[in-house]
Each structure stands twice: as C-alpha cells, then as structure tokens.
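Please read this report beside the sequence and the model, which are shown next.

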Amino acid sequence: MLRVEGVQVRRDRKVVLADITLDLLPGEVLGVLGPNGAGKSTLLSTLSGELQADQGNVWLDQQALSAWSGVQRAQRLAVLPQTSTLDFAFRVEEVVGMGRLPHQTGKTRDEQIIAAALQAADVGHLSGRNYLALSGGERQRVHLARVLAQLWPGEAGQTLLLDEPTSMLDPLHQHTILQAIRAFADRGAAVLVILHDLNLAARYCDRMLLLEQGRPYALGTPTQVLQPEIVKAVFGLEVLVQPHPERGHPLVIAR
Amino acid sequence: MRLSTSAIALVVGLLINHGALASELPQRWVSAGGALSEWVVALGGEPKLVGVDTTSQHPATLKTLPSIGYQRQLSAEGILSLRPQVLAGTEEMGPPPVLAQIRSAGVQVEMFSAQPDLQALKSNLEQLGTLLGKEAEARALFGDYEQALQRQKNRLVKIQATRQAPGVLLLVGNAGGKPLVAGRDTAADWMLRQAGGHNLATHTGYKPFSAESLAGLSPQVLVFADRALTGEAARAALFKENPILASTPAAKQGRVLEVDPTLLVGGLGPRLPQNLEVLSAGFYPTLSEATP
Amino acid sequence: MTTLVKPRTLFIGLTLLCGLATWLSLALGPVSLPLWDTLRAALRLMGLPIDAHGLEQAELILGQIRLPRTLLGLAVGGVLALSGVAMQGLFRNPLADPGLVGVSSGAALGAAVAIVGSAFLGGLPDVFGPYVLSLCAFAGGLGVTALVYRLGRRDGQTHVATMLLAGIALTALSGSAVGLFTYLADDATLRTLTFWNLGSLNGASYSRLWPLLLVTAGVALWLPRRAKALNALLLGESEASHLGVDVEGLKRELVFCTALGVGAAVAAAGMIGFVGLVVPHLVRLLAGPDHRVLLPASVLAGASLLLCADLVARLALAPAELPIGIVTAFIGAPFFLYLLLRGRA
C-alpha cells in the first residue's frame, strides 16, 4: 500500500507539485487526470521513488519508500512509463521476462507467469516476435505485460503505477488493457493510472484525482469528481455529464 | 720438379684451415640499417645476406632480398624463418623483446653504432671485418674513407681561407610536402659541415619548418632530399608545395642542391665521401660560375 | 523474423572456432615447422616425456614465440569484445565502442608521453623500457576514463549523455596532446609512436602477459554475473531501477571494467580497433541481445577474430609483419559499413 503525505516537489525553485496527500488502497484503481503540465508525471515519479520530494513523505507498507532495498521495492512496486526507448531486438517474451528480475521463482514458474501476463495484455499472439518489429501500440502492451509479470498475479501489498498506458492504443485495446488492469486490482493490488480520457477513467477507476497546476483540485469517486464546474475549472472545457445508459457511471460529453 | 709430400701436405693443410676458418664465420646474414647494409656489401658480404630491412635500399640488388620490415618493428619468427646466423643492426633496431627472442634462438645479434662520427665508423668497420673474415679489407676501406675525408678537409681549408661558408638549410620532404629541417646531431648536419656549409638550423633533430622562421634565416644554399621523388620532379614539387622557398637567396640564385635521402639514415655510409664532393662544389662554385 | 541461432549451437560453434584459431595460431607462422614436430613440442611443453631430439627449434618457436603470442591474442580479443558489450549496454546503443569513454585516447596519450619522453631523456635502461610504455598507457587510459566518469556525475548520478560528450571532448584533447608530442618527436620516435598506434601482438612474453590475463579473467568472470541486470538496463535507466537494479552501481562497474580491460589490452598490444564494436554486433546478429548469451559468446568470438587477424598480420608480408590494427580495421570498417547499409542490426 502506498501512502503520500504533504508532498511538495520543486524544480528549479518552481513548485511543480504541492499539497499531495493520498492513500493508494489495495484493490483500488485510482485515476490521475489533469491538463498538460499539471504535474501528473511528476506525481508518478515521486510515488515510484524516482524523484525525491522536497517536502513530505512517501510510504510503502509502513516503511519510507527510500528505505526499501531496490529488489524488495521492485517485488512490491511496478512502474509503467509513458514511452520506452528499448532499441535492441529482444523477443517479446524476453522483454516480458525482464519483469521477473526482482524475483527468484525459477525458470518454469517464470515461463508460466510470462505466458499469463502476455495473455492478460492481449499480446499472447505476439510471442516469439521481434520487439523492434512491433507497432507502437503493440510495444506498449508488451511493456504492460512486463509490469504485470513483475507483480503477477497481483495481490494486496503490491502497487502498480501506470503512466498513460492507453495513449497509443486503438479503442478496443484501450478497453482490453484497462480491463486487465482492473482485474489486477480486483485481485488485491493497488493501482494508480494516469489517463487523458475522462470517460475511460470514469468507467474503470474507483476514485479519481484531478490535478491542476501541481495541486489537487478534486479527489473522490468519478461521480463526485466529474461535475461540469470541476471539469470546466480544471480543463477549461464546457461539458455535460450524463450517466452511462448501461453501466451508470458518469459520461462526459463536450458541449 | 717434384713437390715434396710435406709441401703438398702443408699447402693442403693451409687450404683446409682456411676453409675451416671460413666455415666458422657466419654465412647467413640479416642486416638492418641502410648504411650498415651498404658496408656489408662493400666488404663483399652480399652473397651472405638472406634478408634486409626497409631502409636498406643500396645497392638496388638488395631490394630483391626478403624484407624483414621496418627495423624498429621486427618480427622474431619472421627473421628466424630466414635461418640466419647473424642479425646485424644498430641501436635503432627493435623492439627489445623481439631481439631477446632472436638471441635465445641462437642467432648472433651484432650491434653497431649509428652515431654519425668517424670513431663509430671505425669500430663498426672493425667489427664487420672480423665477422666477415675481411679484416684487411675493412682496414683498407676505413683508411680510404679517412683519406677522402681528410682531402675534403684540406680542400675546405684552402677554400675557406678566401671565402665564407655559405648559410645552408637541408630539407627532407615527401613529394615536396611537409619538409623537415635538419638540425644538430643529425647525419645531415654532419654532411653539411663536412662539406663546408654552415647549417643555419639551430635546433636538434628534425623539425617542420615554419615560413616565418625561414624568412628570417635567408639561406644561400638549399639542400633537399625527397623520399618519394627524385631530380626535377622533386625540385618542382618542393617549390610547388612551399612557395615561400622561392623568396630565399638560394632559390633566387638557383643554388638548390639535391641529396639522396638514404644517405641520412643509419650512420655514416660508404657513399658519403663522393656526395660530400658534390655538395662542396655546390657550396663553393668556382668564381667563373658564381652569378653576379 | 530472422531465425536466431540457439545458444547451445552458438557456443559449440564458437568454441570450435576458437579452438581452431588457437591451433592455427600455434601451428602456422613464417617459420614452417613440420606438423609432427609442432605436436611433439606442444606435448613436451605440457610436460609429457617426449624425446627432445631435433625439437629445439620447434620448442623455441612454439614455447617462446607462438604460445605467448596466442595467449596474448586470446586475452586481448576477449577483453576488447567484452568491453564493447559493456559500453553498448551502458550507452544503450549498439554503435557504442569502448573508446567512447576515452580509454583508448587516454592510453594513446600515455604511450606518447612514454615514447617521446624517454627519447628526450636519452632512452631509459632496457630493464624498465618495455614496462614503462605499458604502465604509462595503462595509467593514461584509466586516468582519462576516470576524468570522463567524474565529469558525467552530478548529484550522485552518472549522466550517460554527459559522459558521452565528455568522452568526445577528452578524446579530442588527448588527440591534440598526442599531436604536440608528435611535433616534439624526432623522426625515429615518430615512427615508433605510429607503429604503437597501429597495434601489434609482436614480442609477446610471459612476463608482460600475466597482468592482462588476470584482468581478462576478472572481467570475463564478473560481467556475466550482471547479465540480467544489463538486459534490464537496456530498457532504460529508470525502468531498470524500477526492476530493482542498482543502476548507479552497475554503470560504475561497466565503466571500471572497460577502463581496466581496455587499458590493460592497449598497454600490452597497442591500439587495436573495431573489435569492441564489431564482435558484439556479430554475436547479436546471430543470437540476439540477451547478455546471458552475448557476454560469454563475445569473449570467444573476439578471441577467435583477433587470432585470425593476427594470422593474416604475421603471414601476409612475411618475414615482415603487418600491424594488427590495420588488419582489424580492414575487416571491421567494411563490415561496419555493411551493417549500416543493411539497416538496423
């Protein structure tokens, strides 16, 4: 479980993130949204330990994040960045297999997990292929499989942080992936996902955090957060909010 | 007349001894260093040579021998493949571990001096004479050399009584480009002085020349040696690549002389005395030849 | 996708190749030894009681000249290839070369100081002579790399991009310093310097060999243990960190292994290029980028390649010798061009 308290991050004397206090609860998907430059990626970097907060603390399971050893932290916390710069011709399953690096589960079990993760990310059919020969969307899903494999099968005590995992995916895969992430959370993992699409967030997230200029503007359930005034204030967009005809979650429609 | 058996026995004995002595002398030679190889040939050792280095280019027949490469980068196995009994070279030979390997293979490694002075030449010739079984010839060669140099000195004394030594520069280039000026402690410097010139270069060794310093020096005679070209082609290339030379008094008066660059490597060689005469003639042209 | 060679096939093939190259390196040379003599001399050297009659020359050539030279070639080829893998992992770029961190140019500078400096001092006594050159080259390589590494560090982190630029700058600086020494050198010293820059396995002796053998063994045993971490590093530094890899420590190890390995190789054999660039490429083409295969395979491939190059160097112009750096460049440069033209390797 990840806990953040009073975190503030400065970059060159400018405050890029402030007053962040939140708990990532097991079994929950928390969506983080906001306009460009709102501090979403900064927040994710701070939560993953990559950035050191200038003020405030980050705890992973009752211990300060910085106090965890690299391997132990990696067994509990996995991060999917926005883009990947892998430039070598690994096979797809080799890339996913790197997710098992923090663990000592042995070859057979690893292979089972890799196969399952590939399936969950809907890239099972790409097994054996050259990573460099894949499209942007396929690569993104392979990396998702990697972080899923890192925490497989997902349970309470594990945290998954994802930075725009659907940015390069077609509509069908956007949903497939978020369903996989949802399934992961349902097994007990805590998930934080940065998204751009308000409706996707509304459908798959238990709670949403809207950031505006580095500060939390709203934190709550999609119904609580997705109010026209809030959306207007954060995104500058005039919207209507209606319930989804079949599922009931808020549906944001631009006016 | 009947030859007594003892007389025959004596003659035969002497012949056999001489043959035995001859077979104790090393028969297969590898030589490194241009001047050294020339002396070996001068002492009649050419039939014994089985390999030479890349600086040994005189006489031209040496070029047909197997080449052991550059004398500072010898290959132990390469030399051993020629099955030599002697490896002759100067302190310029190397690298030292290779020489050690060659020695441990039972090859006699004979070191000679590459210093450009007469004393070094004398001991070199003595050593060579002993190794080739031509002690008398070696002494004779040295004697001739000494005499030739003495004659040269005497000539100079006479000339320099009335005339001043010309300021000279010696340039070594490659197809005219990037010439180096010969300074002190070089064989080139020795040659210039023996020929009666005054080497204007004050540095030690070879240095690339700068146009400005050249302008300050004003040589009356230019001597050049080119590694790639000879004769008119070399002269033309030298002036083409270095137009500043055209402004020197030497160029204006047409006093530009050429020497063979192989003379400048590996100590004093046998061809130097004749070349000294040529140089001297260039430094001190007879009065009727001097341009107004 | 091109089918890759299975690791086992690759290792068997490379081991056979390496064995063949070693055998050829011992059996062939300017001195033509009868094969039977070579075999018997080899067995004698291994300690077997074989009649020594008529074997003196073979024993000398084999034991004093060819064997140390072969060992030198194996070690230099292996460690240069390993360093190539390390650098390509550090910079996450298959076009990286050990020289990027400045170790080659630093070693060249150290050698220039030694060669020209000792000429100035009128030549050092022979007993120190060969060691001085190696020590200076080694010190130069380590020194420049340490400086490059230091320049790349900021806030307790090593910035690889900064290191790359620092490496380029220091290589240029070393180059001009070598140029200065070249100017100060006389003709003879200049040629020595030039030949050193072209590399050679000539004059190999056991006494100068063992430091390099130690270093090569050390690097060859250490790096494969970091194979999985190196794989993760290719994902990116933060991704590797998220997988639990101590990224800063790994970068430090890679730089250190390269400096040590290439420094020792250059100190022993002069500058030999292209091995660190070409060999990892070749192995990746055959068997993929997984470091668990790439690292040990590169050692074998690098050693084999260098021994083959040395055969050409020794035999092409016998009884003279080609500097081996020329042979590796002749093989490496066209191959590199071919890789570039072919597209992604």
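## Chain A as a whole

The secondary structure of chain A comes to nine helices and twelve strands, where helices (H or I, at least four residues) and strands (E, at least two) are DSSP runs numbered from the N terminus. Its radius of gyration is 18 Å, close to the 18 Å that the globule rule gives for 255 residues, so chain A is as compact as a globular protein of that length; the radius is taken over C-alpha atoms, and the rule is 2.2 Å times the number of residues to the power 0.38. Along the principal axes, the C-alpha atoms of chain A fill a box of roughly 55 × 45 × 30 Å.

This is a predicted model, in which local features need pLDDT of at least 70 and side-chain atom pairs count only at pLDDT 80 or more, while totals for chains, interfaces and linings use all residues. Residues are numbered from 1 along each chain as its sequence is written, and chains are lettered from A and ligands numbered from 1 in the order in which they are written.

## A sheet of six strands in chain A

An open sheet with mixed pairing has the strand order β6-β7-β8-β3-β9-β10 in chain A, two strands being paired if DSSP finds at least two bridges between them. Strands β6 and β10 (215-220) of chain A stand at the edges with a single partner strand each, so one side of each is left without a neighbour in the sheet.

Strand β6 (residues 77-80) of chain A runs parallel to β7 (residues 159-163) of chain A and is joined to it by four bridges, with A:Ala78 standing opposite A:Leu160. Five bridges join β7(A) to the parallel strand β8 (residues 190-194) of chain A, where A:Ala190 is the bridge partner of A:Thr159.

## Covering of the sheet

Helix α1 (residues 40-48) of chain A lies across β3 (29-33), β6, β7, β8 and β9 (207-212) of chain A, running at about 150 degrees to β7(A). Helix α9 (residues 228-235) of chain A lies across β9 and β10 of chain A, at about 155 degrees to β10(A). Such angles run from 0 to 180 degrees between N-to-C directions of axes fitted to C-alpha atoms, for helices over the stretch in contact, and contact means C-beta atoms, placed from the backbone, within 7 Å.

Terms used. Two residues are in contact if their C-beta atoms, placed from the backbone, lie within 7 Å.
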